[in-house]
Amino acid sequence: MANRDGILALEQAVSREVLGQAPVIRKIILALLADGHVLLESLPGLAKTRSVKALAAHLAAEMRRIQFTPDLLPSDITGADVLQQDAQGRHEVAFQPGPLFGNLILADEVNRAPAKVQSALLEAMEERQITVGGETRAMPPLFMVLATQNPIEQEGTYPLPEAQMDRFLMKISFDYPAADDEAAMLALLRQPREAKAAPTRLSQEYLFACRADAAAVHVSAATDRYIVDLVNNTRRPGDPELARWIQVGASPRGAIALDRAARAHAWLSGADFSSPDDVREVAHAVLCHRLHLSYDAVADGVTPGAAIDRLLDTVAVPA
């Protein structure tokens, strides 16, 4: 079994560089353990990009940043076949990999990309491969997309389709840091770069061993039942208020994501089995982007988070 101390040290190292966002960093680490992609959402300037850069700095992984714009083409992210000339003057067609062939992919402002680019990104996220020029190429073994979007900026954006939203294991929202954390952040950023020691980088082999251990965490029949009951109650709510709020519930992929994230949470907490408490800890991040609220709910100011709170309050844990 792999020692979880390295993952906890990684979490602490990132938290020291992204002050005031400890719950967010924990969720990103859980998604990394569960081999899932995350959608990071917040207003500008709340350390979405800094969080990804800090994670990459402490992990033996290649980070690639893609700034999504409305004029982006699929080949701009996947790469393309190009005509090259060798030393002897002979010409040949060779594949030039795009920025998508990295380990940690920061998809900045992903909702600004047109449909064809989002389709190419979707194939890489779900299939762990892309097809260019009729040839399929696999993504690296460590491949995680961390996409960002601004919830209030709508001009010049292409809202992500439900099918693509469902491919993200978690949707993580950043909030403003506390005043003390913001003051500490100012002091941190004043430090000269030369004063900072080179970070210790966690190897990919160690991460893969931790993933295997997290995936092997035992899950009881009662916990499985609880996951299924939660997801089913987003589709056919037994609670009248939930039935009025939720128009479209989570797919079976939501249940799979709950199971994976809960096992990662249990392992990181030092437990040998996943419990309903682990499921509740990750429910908001896993389900909030999988619920489509009704017009009545939106008119009443109900948020997906409030609907999930109600869901957790009304669905009983099976004996």
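Predicted model: local features only at pLDDT ≥ 70, side-chain atom pairs only at ≥ 80, totals over all residues.
Reader: Thanks! So at what angle do H1 and H2 pack?

Author: Helix H1, residues 5-17, and helix H2, residues 22-33, pack at about 140°, and their axes are 10 Å apart. The two helices are therefore oblique to each other.

Reader: And what is the handedness of the crossing where H1 passes H2?

Author: That crossing is right-handed.

Reader: Which residues meet there?

Author: From H1 you have Ile7, Leu8, Leu10, Glu11, Val14 and Ser15. They meet Ala22, Ile25, Arg26, Ile29, Leu32 and Leu33 of H2.

Reader: I also spotted Val24. Which helix is it in?

Author: Val24 belongs to helix H2.

Reader: Is Val24 buried or exposed?

Author: Val24 has a relative accessibility of 6%, so it counts as buried. Leaving aside residues up to four places away in sequence, Val24 touches Ile172, Ser173 and Phe174.

Reader: Nice. How far apart are Val24 and Leu104?

Author: They are 80 residues apart in sequence, and their C-alpha atoms are 17 Å apart in space.

Reader: Switching topic: how many residues does H5 have?

Author: H5 has 13 residues, 115-127, and spans 18 Å from its first C-alpha to its last, close to the 18 Å expected.

Reader: Which of its residues are buried?

Author: In H5, the buried ones are Val117, Gln118, Ala120, Leu121, Ala124 and Met125. Looking down the axis of H5, these buried residues fall within an arc of 160°, so they line one face of the helix.

Reader: Why do residues three or four places apart point the same way in an α-helix?

Author: An α-helix has 3.6 residues a turn, so residues at that spacing point the same way.

Reader: What covers the buried residues of H5?

Author: The cover includes helix H4 (74-78), strand S6 (129-132), strand S8 (144-149) and helix H6 (162-165). On the face of H5 turned away from its buried side, you will find the exposed residues Ala115 and Lys116.

Reader: And what follows H5?

Author: Arg128 does, with a positive phi near 55°.

Reader: Last one: how do H9 and H11 pack?

Author: Helix H9 (residues 221-235) and helix H11 (residues 252-268) pack at about 145°, with axes 9 Å apart. H9 passes H11 in a right-handed crossing. Ile227, Val231 and Arg235 of H9 meet Pro252, Gly254, Ala255, Leu258 and Asp259 of H11.

Technical notes: Residues numbered from 1 in each chain as written. Heavy atoms only, no water. Helix = DSSP H or I, 4+ residues; strand = E, 2+ residues; numbered from the N terminus. Expected span 1.5 Å × (residues − 1). Buried < 20%, exposed > 50% of the residue type's maximum accessible area, 1.4 Å probe, protein only. Arc of directions from axis to C-beta. Contact = heavy atoms within 4.5 Å. Axes fitted to C-alpha atoms, helices over the stretch in contact; angles between N-to-C directions. Parallel < 35°, antiparallel > 145°, perpendicular 65-115°, else oblique. Left-handed = near helix turned anticlockwise from the far one by under 90°.
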